[in-house]
Amino acid sequence: MDATRRVTAVLGPTNTGKTHHAIDRMLAHRTGVIGLPLRLLAREVYDRIVARVGPSVVALVTGEERIVPERTQYWVCTTEAMPLEIGADFVAVDEIQLCADADRGHVFTDRLLRARGLNETLFLGSDTMRGAIAALVPHVSFLKRERMSTLTYAGSKKISRMPPRSAIVGFSVENVYAIAELIRRQKGGCAVVMGALSPRTRNAQVALYQNGDVDYLVATDAIGMGLNLDIKHVAFSATAKFDGRRMRALYPQELAQIAGRAGRHTEDGTFGVTGEARPFDEDVVEAIETHRFAPVRKLHWRNEALDFGSAERLIHSLEEPTHNDWLTRAREADDLLSLKALAALPEVQDKLTEPKRVQLLWDVCRIPDFRSSSGVEHTTLLTRIFEFLVGRGLGGGRIPSDWLAQAIRRIDRTEGDIDALSRRLAHIRTWTYVTQRKNWVEDESHWRDETRAVEDRLSDALHAALTQRFVDRRTSVLLRRLKQKEALVAEVNDKGEVTVEGEFAGRLEGFRFRQDASATPDAARTLAQAALQALKPEFHLRADRFYNAPDTELDFTEQGGLMWGSNAVGKLVKGAEPAKPAVEAFVDEEAGPEVAEKVRRRLQHFIDRKVAAQFEPLLAMGRDEALTGLARGFAFRLSEAMGVLPRDAVAAEVKELDQEARGALRKHGVRFGQFTIFLPALLKPAPTRLRLVLWSLWNGLQEFPESPPPGLVTIPNVGEVPKQHYTLAGYHPAGARAIRIDMLERLADILRQKDSRAGFEATPDMLSITGMTLDQFADLMAGLGYKGEKAERVKVKAEVAKAPEISEEAAAAIAAGVPIPEEVSILAPVAEPEAEAAPEMEAFYTFTWAPKPRPRPERAPRPERKEGEARAPRGDRPQGERPKGDRPRGDRPKGDRPKGDYKGGKPQRDDRQKSFEARPPRAEKPIDPDNPFAALLALKGKV
């Protein structure tokens with residue numbers, strides 16, 4: 001090309017409109033070619049041009065994508081794929097400062113030196129290239145463009161304090177994923193942009209950000225190459241990267257290229273650091289803000305005049321040095337390394353018989369290693385492809401369709417995580433590149449479409465996986481609707497699930513909104529505000545339904561909670577009296593005081609009716625004005641105890657009650673038991689459950705005792721549980737178990753009929769009442785004050801009378817129907833008795849009354865009697881209180897008590913010798929007929 005034709009270098013920092021200017025200039029010509037540094041950027045520019053002139057005249061050519069209409073006028077390409085031989089009117093190369101890049105710099109330098117348009121050529125890039133361009137391109141003119149907005153350093157910020165519309169930059173896949181996961185947890189989600197993504201995936205991720213679904217973008221340095229996004233702040237998570245050979249710090253101009261993505265058009269932008277990245281030095285900050293950097297002194301160069309005479313000559317031409325002071329020979333690129341590896345293989349050397357085969361080998365070696373596999377693996381793949389392409393003729397072979405189909409089929413799977421999908425996408429990019437080469441495969445259009453379809457499917461799957469992992473869809477929907485300043489729509493279904501804009505926000509439990517705990521902190525406030533705003537009418541509707549609900553839908557828990565179905569709507573609190581508790585309603589403040597008061601009134605009505613129904617006998621006794629004096633006082637004590645009183649606690653008061661007072665109390669169902677005074681109706685499960693709750697409220701317990709399961713006669717006696725809790729539950733502790741109060745009184749009625757001094761055995765009735773085994777019953781009796789002595793005896797079995805057997809002769813005669821001869825014995829002879837087996841023994845207990853002695857109070861010391869002083873009369877001596885036994889009344893039949901003083905449950909010793917003897921019953925005298933009581937005496941034995 002004629003270097004004297006108009007060549008212009010448009011130089012300046014980011015956000016100066018250089019790319020937009022180049023597009024306008026290209027469309028002003030009949031034909032044009034524009035080279036861009038990234039496949040992603042090429043696709044973006046292609047879409048912009050198609051939007052202006054239509055797809056029929058615009059071609060897109062990259063290493064992996066080729067869209068070439070028949071009437072192509074404008075070519076949008078990656079820099080490596082630029083067609084230089086078509087003679088376009090206009091040629092432009094973007095990001096020309098990449099001539100200084102160690103990996104790809106030789107490609108951009110080649111375009112700088114050789115790519116020219118017939119009418120106009122533009123080189124776009126940084127002002128640091130001014131000196132190099134002026135020295136290498138004759139008759140070049142320069143156009144300086146100023147940044148349209150201000151770029152300011154904002155220092156270091158934590159991820160949690162990152163402002164919206166921020167881009168966080170990482171330099172490895174692991175770092176990008178870690179930052180994205182952190183942002184999802186704290187901010188609701190982010191989009192992910194990396195150079196390894198396909199254009200389809202990248203566009204879908206960018207759309208999430210540009211549409212406002214997410215407010216944050218996590219990217220690699222790929223965003224520094226011309227991607228125009230609505231970014232207000234750029235934060236660097238690191239200031240060093242691995243450049244393919246080593247870890248190195250980013251140069252100030254590289255930092256500026258990325259930071260310049262902040263503040264598009266006329267909006268100012270900021271940049272800074274985050275995470276573990278060290279803050280920038282002042283000179284670096286000044287250089288970025290003022291866009292002043294050290295000029296480029298050396299451009300990477302590689303000889304473009306290649307010698308295909310042999311592999312050795314080709315390698316020598318690629319390694320040819322330069323004598324230009326502005327140029328430096330590029331380091332060995334991947335294609336040159338692959339060429340050296342393949343040229344050293346004997347099976348490849350044998351096929352390099354002609355220059356065309358050497359050129360074919362070079363084209364094969366230029367297949368990029370998208371998979372980042374090991375050198376041996378990549379070399380093996382290139383060798384196999386070369387062997388296919390050499391074929392039988394001079395490079396006239398093709399890659400077999402069945403082999404290619406099998407390779408693609410292994411990749412065409414959309415299941416798996418992000419890493420698996422990314423690996424498959426890298427693999428398909430290799431085959432996409434291969435199918436774009438002319439004459440490498442049969443039916444090129446089919447395989448290009450097939451590889452493109454597989455790439456699209458994997459791209460969609462990868463986008464879905466990235467979105468699922470790094471975006472909270474609920475938060476993104478809320479943020480977008482809030483930015484659009486639209487009212488959020490919330491709904492409540494029959495299960496109480498609250499949705500905002502179709503996204504689950506939480507549950508309405510009774511009259512309280514429980515927000516979904518998985519919401520991010522930033523979204524939680526918005527979510528709660530939107531949900532509660534929509535729930536205001538729902539609160540009123542629900543309050544009306546609750547107020548009119550029957551009592552059967554309400555209940556109280558054993559810890560004092562108040563339930564409406566499965567939802568907690570309040571709790572019981574201490575009231576003015578034990579049987580008059582108050583209520584506290586669970587209602588959100590947003591529902592309003594009217595709803596709260598309506599719920600409170602309904603709960604109070606419920607518990608008042610519940611107490612009135614369950615404690616009706618007790619309340620009726622308290623209202624009975626016929627009870628006076630001691631009876632009324634005792635009724636008050638019983639009401640305080642909620643219907644259950646241990647007898648030993650009120651023994652003195654019971655003793656003072658006369659028969660009339662007791663009869664008045666019995667009319668209300670009060671039973672004076674030996675151990676407990678109670679109302680049997682209040683021992684039922686429902687009143688018992690309510691009694692425990694009310695007593696616990698009145699006494700301020702933090703944890704309420706729970707009522708035993710209904711129907712149990714005995715329950716375990718746990719030492720840590722106070723005895724009063726058992727009494728309130730309707731049980732009396734005795735031994736290892738506690739027995740129900742009413743069943744204990746039934747047992748006491750039976751025990752009163754037994755001789756507790758002489759001893760008695762447990763009867764089946766006793767065991768049936770308690771539902772215990774004999775050993776368990778013995779432990780219970782010990783708890784009641786009885787001593788049980790265990791012994792064994794022979795078990796008496798009931799003898800079964802054995803019917804006599806008929807002798808065989810008699811049986812035969814009967815069967816024959818003839819008389820039995822007299823000499824024949826009718827009965828069979830008695831068998832010899834078998835040897836007696838060992839007798840079966842059984843255990844039994846003999847119970848006697850043996851209460852534990854109560855501690856005696858200490859007696860006062862006796863006064864010393866002076867010599868000759870008479871002994872004080874017995875009645876004048878100070879008498880200590882002797883403990884009385886706890887034996888139940890009526891343990892021993894009347895008449896069994898020995899004569900003499902009897903105190904404390906056992907006979908007192910007497911100075912007089914007493915003797916006892918057993919006599920036969922006295923003979924009864926005949927009844928005197930003249931006795932006026934003769935009729936009564938005659939009935940004595942019958943009653």
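**Exercise 1.** Find which residue of β32 is the bridge partner of Pro733, and state how many bridges join β31 to β32.

Solution. The bridge partner of Pro733 in β32 is Ala738. Strand β32 covers residues 737-740, runs antiparallel to β31 and is joined to β31 by four bridges. Strands (E, at least two residues) and helices (H or I, at least four) are DSSP runs numbered from the N terminus, and two strands pair if DSSP finds at least two bridges between them.

The model is predicted, with pLDDT of at least 70 needed for local features and 80 or more for side-chain atom pairs, while totals for chains, interfaces and linings use all residues. Residues are numbered from 1 along each chain as its sequence is written, and side-chain values use heavy atoms, leaving out hydrogens and water.

**Exercise 2.** Give the strand order of the open sheet and name the strands at its edges.

Solution. The order is β30-β32-β31, with antiparallel pairing. β30 (714-716) and β31 (731-734) each have a single partner strand, so one side of each has no neighbour in the sheet; these two are the edges.

**Exercise 3.** Classify the angle between α1 and α2.

Solution. The axes (lines fitted to C-alpha atoms, for helices over the stretch in contact, with angles from 0 to 180 degrees between N-to-C directions) of α1 (residues 18-27) and α2 (residues 39-53) come within 12 Å and cross at roughly 45 degrees. Angles under 35 degrees count as roughly parallel, over 145 as roughly antiparallel, 65 to 115 as roughly perpendicular and the rest as oblique. The two helices, α1 and α2, are therefore oblique to each other.
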